[in-house]
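Work through the exercises below with the model open. Try each task before reading its solution.

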Amino acid sequence: MAILTTAAIGADVIAATILATQLLPRDVTVTRSAQVDASPSDVIALLASNEGYQKVNSYTASDEIVKITLFSPSSGVGSGFHFDGKDGKGSQTVARLAPPWSGAWGLISAATQLCAVLGY
């Protein structure tokens with residue numbers, strides 16, 4: 001009888017573990033924000049530029065081994081960079097630029113689904 005009880009408890013633990021993984025979110029969004037003394041159009045131009053974004057990229061300051069490889073175009077939709085560092089590797093691509101008066105603009109990562117959205 002002890003074997004059946006142990007097997008039943010083991011099956012319950014496995015079932016609970018499987019159920020618990022189904023309750024976890026499938027997508028995770030990471031949002032960062034900053035307050036800057038600049039016009040929305042200047043901020044958009046900075047974030048939409050490969051080299052400009054690196055000036056505010058917090059990972060380059062916190063990860064001394066991160067490798068950043070820029071890819072074309074140098075600015076606007078389709079521009080971006082590949083990264084490889086202690087926190088992982090992937091790429092970030094400018095997917096959409098909306099005018100500041102629309103309420104939001106986004107830089108959406110193709111590889112990591114990391115999304116940084118700043119709104120006015």
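## Cavity, hairpin and a cis bond

**Exercise 1.** Which helix and strands each supply at least two residues of the lining of the largest cavity?

*Solution.* 
- This is a predicted model.
- Start with the count: the structure holds one cavity of 30 Å³ or more.
- Its space comes to about 50 Å³. Twelve residues line this cavity, and Leu47, Tyr53, Gly80, Phe81 and Val94 are the closest to its centre.
- Now assign the elements. Helix H3 (50–56), E2 and strand E3 (88–96) each give the lining at least two residues.
- E3 has the largest share, with three residues.

**Exercise 2.** Sort the lining of the largest cavity by class: how many residues are nonpolar, polar and charged?

*Solution.* 
- Count Tyr as nonpolar and Gly as polar.
- The lining then has six nonpolar and six polar residues.

**Exercise 3.** Describe how E2 and E3 pair, and find the residue opposite Phe81.

*Solution.* 
- Take the direction first: E2 and E3 run antiparallel, paired over six bridges.
- Next, trace the connection. Two residues form the hairpin link from E2 to E3.
- Finally, look across from Phe81: Gln92 in E3 stands opposite.
- Phe81 is also one of the residues closest to the centre of the largest cavity.

**Exercise 4.** Is the peptide bond from Ser72 to Pro73 cis or trans, and where is Pro73 found?

*Solution.* 
- Read omega for the bond from Ser72 to Pro73: the angle is near -5 degrees.
- The bond is cis.
- Then place Pro73: this residue is in the loop between strand E1 (67–71) and strand E2 (80–85).

How values were computed: Residues numbered from 1 in each chain as written. Predicted model: local features only at pLDDT ≥ 70, side-chain atom pairs only at ≥ 80, totals over all residues. Heavy atoms only, no water. Helix = DSSP H or I, 4+ residues; strand = E, 2+ residues; numbered from the N terminus. 1 Å grid on protein atoms, 1.4 Å probe; cavity = no way out; pocket = protein on both sides within 12 Å on 5 of 7 lines; lining within 4 Å. Points joined across faces, edges and corners; volume = space filled by probe spheres on them. Pairing = 2+ DSSP bridges.
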